[in-house]
Amino acid sequence: MKLKTILYNLLTVLLVSCASPQKPQESSAQDLGENLMRYARNVAVYETPYGHLVEIRNPWDSTEYLGRFALVNDSASVETMYTSSLPAGITPVKIPVQSVVSFSATQWSVFMRLGEIGRVKGILEGRYVHDSIMQSMLASGEMCDLGTEAAIDCEKLIQLQPDIILYSPYFDGNQNNLKISDAVLFPFADYLENTPLGRAEWIRVIGLLSGCQHEADAWFDTIEMNYNALKDNCSNVSERPSVFSDLAFNGQWYIAGGKSYIAKLFSDAGADYIWKDNDSPASFPLDPEAILAKAQHADFWRIANSSSASMTYNDLERENPIYPLFDACKNHKVIVCDIRKVGYFENSQIEPDILLADFIYFFHPECLTGKRTGYQPKYYHWLDEN
């Protein structure tokens with residue numbers, strides 16, 4: 001217990017400048033040429049004589065970077081860069097990375113799909129894992145469960161001595177205290193992208209880190225082609241049903257902004273999101289009564305169910321007396337995702353084309369033609385009857 005206290009105190013005081021936001025160089029984009037990322041806005045990738053430069057932009061302050069990394073596949077070059085040739089503020093990373101700690105399922109699931117999960121040595125939130133292979137790795141001890149983001153097991157993290165830690169940056173910057181030993185802190189801001197293809201394109205960053213650039217690029221190209229084909233199928237629909245989302249919690253209802261990820265999915269699936277005219281990419285709270293006033297007559301209602309048990313219309317009506325007043329509830333037009341049962345957080349972000357097809361199934365089934373004829377949704381289903 002004493003050792004754990006010492007290690008924790010050591011961990012919390014090891015704040016390093018390389019994890020602090022860095023000011024962009026104004027000439028960076030001009031000097032480096034074309035950004036290879038097509039949809040992602042929080043990361044830029046440039047080809048350089050030594051490999052690739054990856055810049056993670058600060059989503060909350062466009063004048064700063066969360067990190068800049070030179071990905072180099074030659075150990076001697078990495079050592080040289082540490083001592084001389086690399087501009088200040090850029091951290092060299094030897095690729096392919098050999099030992100990774102992944103703080104999010106959206107990261108390790110990509111390693112899994114690329115056949116490179118052996119590079120990942122530790123993850124968080126092991127008790128919520130849906131993937132059967134990852135469950136087996138955790139059970140056998142091949143993969144280390146490091147606890148939760150709020151209570152990381154510092155002893156295990158130090159013992160792993162990873163080459164790189166992929167973490168999810170938050171506005172308060174608390175991740176700075178994760179810098180231990182020689183591990184490189186790599187902020188993975190995929191979840192802050194506001195478009196489905198923008199989030200999915202972070203697949204290509206994992207491809208670079210794992211030495212699978214060509215495989216990851218080809219994978220994303222297929223996703224992009226499928227997504228845009230589905231979107232085009234819905235672009236000229238004659239009627240666009242209205243839709244709203246989510247549930248009240250503790251007296252407030254968090255609504256996704258009109259420029260958010262889910263709003264983009266609704267739009268591309270040929271639906272009108274009730275708050276489409278809102279300019280925010282983030283969620284904002286409203287009173288349930290305010291939601292009712294605006295969304296009472298919406299055609300569809302989308303719900304993400306975090307419970308391990310299935311939800312029914314009876315459950316919905318018992319939960320809040322306002323819910324039965326919505327037309328979507330009265331007309332049984334509620335679509336739901338049981339996020340634990342389908343591994344939503346592990347896979348949906350890297351399958352935006354499937355998510356889009358799911359929504360089209362409900363909004364415009366006539367648009368699912370060709371290879372999608374007879375399509376059955378993967379993530380969403382009609383809310384169970386009573």
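Student: What should be kept in mind about the origin of the values?

Tutor: This is a predicted model, in which local features need pLDDT of at least 70 and side-chain atom pairs count only at pLDDT 80 or more, while totals for chains, interfaces and linings use all residues. Residues are numbered from 1 along each chain as its sequence is written, and side-chain values use heavy atoms, with hydrogens and water left out.

Student: What is the mean pLDDT of the protein, and where does pLDDT stay under 50?

Tutor: On the scale of pLDDT, which is the predictor's confidence in each residue from 0 to 100, the mean for the protein is 88, and 86% of its residues reach 70 or more. Over residues 1-20, however, pLDDT stays under 50, and for these residues the model has 25 contacts beyond four places in sequence, a contact being heavy atoms within 4.5 Å. The stretch 25-30 also has pLDDT below 50, with 8 contacts in the model beyond near neighbours in sequence. Where pLDDT is low, the predicted coordinates should not be read in detail.

Student: How many helices and strands are there in the protein, and what makes a run of residues a helix or a strand?

Tutor: Helices (H or I, at least four residues) and strands (E, at least two) are DSSP runs numbered from the N terminus, and the protein has 16 helices and 17 strands. Helix H9, residues 213-233, has 21 residues and reaches 30 Å from its first C-alpha to its last. The expected span is 1.5 Å times one less than the number of residues, and the span of H9 is close to the 30 Å expected on that basis.

Student: Which residues of H9 are buried, and what do they pack against?

Tutor: Buried means under 20% relative accessible area, exposed means over 50%, and partly exposed lies in between (1.4 Å probe, protein chains only). In H9 the buried residues include Trp219, Phe220, Ile223, Tyr227 and Leu230, and also Asp217 and Glu224. The buried residues of H9 pack against several helices, among them H4 (105-113), H10 (261-268) and H16 (352-363). Over the protein as a whole, 52% of the 386 residues count as buried.

Student: Why is H10 called largely enclosed by the rest of the structure?

Tutor: H10 is described in this way because 6 of its 8 residues are buried. The buried residues are Tyr261, Ile262, Ala263, Leu265, Phe266 and Asp268, and just after H10, Gly270 takes a positive phi of about 85°.

Student: Why is Asp246 called partly exposed, whereas Asn250 is called exposed?

Tutor: Asp246 has 22% relative accessibility, and therefore counts as partly exposed; Asn250, at 69%, counts as exposed. Asp246 is placed in the loop between strand E10 (242-245) and strand E11 (248-249), and its phi is near 75°, a positive value in a residue other than glycine. Asn250 is placed in the loop between E11 and strand E12 (252-256), and phi of Asn250 is near 55°, likewise positive in a residue other than glycine.

Student: Why is Trp382 called partly exposed, and which residues is it in contact with?

Tutor: Trp382, found in strand E17 (residues 381-382), has a relative accessible area of 33% and so counts as partly exposed. Leaving aside neighbours within four places in sequence, Trp382 is in contact with Phe300, His332, Lys333, Val334, Ile335, Val336 and Phe362.
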